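The following note sets out points on the model shown below. Please read them alongside the sequence and the coordinates.

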Amino acid sequence: IHPHDRSIQSEAVARMLCEREEWESSANVCTYLSMPSELCTDPIVLRILATPHKVCWVPVMAGDDLRLVRIRSREHFDSLPCNRWGIREPELGDEYELASCGPLDLIVVPGLAFSLDGGRMGRGKGFYDRFLRTTQEEQMSAGHAAPFTVGVCYREQLLGAGRVPVEAHDVPLRLVL
């Protein structure tokens, strides 16, 4: 995908996401920080940070799990160093605690391919499926709604319904943009 197309599609997806009711009603938003080959999530992060009532959380690898770190400001985001895969990566230390911040309302999820019916092909390690399942279960057992899950991708990664192979442990997404 040409770099210019990547930028245009990344902005368009961010705009579409921000027009949704699920975005409007969310306070705690979690989004991945993209690697160079993925749809760029910088426009999403910047929109979260620019909205006074929203809190931006990003997943960080911690062994076999994902832990959430809060991005506090544009300056904090801009200062994040890139890891060996070219992904901005905050350090652990400000992990998400359900009791102190409330539940996640919206989770933006990466993938290699998506289907229109919410199927997602990840990178094969199951990090996001475990994270989504655990987050849904914890929030629901605490009396909160499950977070609204959104896969974001380039149009070239979006396939028809049923075209992405899924397994029993895969967590379907509510929306793909």
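1. The largest nonpolar core has 44 residues, of which Leu17, Phe131, Val150 and Val152 touch the most other members. Such a core is a set of buried Ala, Val, Leu, Ile, Met, Phe, Trp, Tyr and Cys residues joined through side-chain atoms within 4.5 Å; buried means under 20% relative accessible area with a 1.4 Å probe, protein chains only. Val152 touches Val13, Tyr32, Leu39, Ile44, Val108, Val109, Phe114 and Leu177, residues up to four places away in sequence not being counted. Contact here means heavy atoms within 4.5 Å.

2. On provenance, this is a predicted model, in which local features need pLDDT of at least 70 and side-chain atom pairs count only at pLDDT 80 or more, while totals for chains, interfaces and linings use all residues. Residues are numbered from 1 along each chain as its sequence is written, and side-chain values use heavy atoms, with hydrogens and water left out.

3. An open sheet of 6 strands runs in the order β3-β2-β1-β4-β7-β9, with mixed pairing. Strands (E, at least two residues) and helices (H or I, at least four) are DSSP runs numbered from the N terminus, and two strands pair if DSSP finds at least two bridges between them. β3 (65-71) and β9 (175-176) stand at the edges with a single partner strand each, so one side of each is left without a neighbour in the sheet.

4. β2 (residues 55-62) and β3 run antiparallel and are joined by 7 bridges. Trp57 has Arg70 of β3 as its bridge partner, and Pro59 has Leu68. The hairpin of β2 and β3 has 2 residues between the strands, and Gly63 takes a positive phi near 70° there.

5. The pairing of β1 with β4 is parallel, over 3 bridges, and Val29 stands opposite Leu106 of β4. β4 is also joined to β7 (residues 148-151) by 4 bridges, again in a parallel arrangement, with Val150 as the bridge partner of Val108. Leu106 and Val108 point one way from β4, Ile107 and Val109 point the other way, and all are buried.

6. Is Thr31 buried or exposed? Thr31, which lies in β1, is buried, with a relative accessible area of 0%. Leaving aside neighbours within four places in sequence, Thr31 is in contact with Thr41, Ile44, Val45, Ile48, Trp57, Val58, Pro59 and Val108.

7. Helix α3 (residues 42-50) has Pro43, Ile44, Val45 and Ile48 buried. The buried residues of α3 pack against α1 (3-18), α2 (21-24), β1 (28-31), β2, α4 (74-78) and β4 (106-109).

8. A second topic is the open sheet of 3 strands, ordered β6-β5-β8 with mixed pairing. β6 and β8 (158-159) stand at the edges, each with a single partner strand, so one side of each is left without a neighbour in the sheet. β5 (residues 113-115) pairs with β6 in the antiparallel sense over 2 bridges, and Ala113 has Met121 as its bridge partner.

9. The largest pocket is lined by 32 residues, of which Pro110, Arg123, Lys125, Phe127 and Tyr128 lie nearest its centre. β2, β6 (120-121) and α6 (127-141) are the elements that give two or more residues to this lining. A pocket is an open set of points on a 1 Å grid over the protein atoms alone, where a 1.4 Å probe fits, with protein on both sides within 12 Å along at least five of seven lines; lining residues have an atom within 4 Å of a point.

Notes. Buried < 20%, exposed > 50% of the residue type's maximum accessible area, 1.4 Å probe, protein only.
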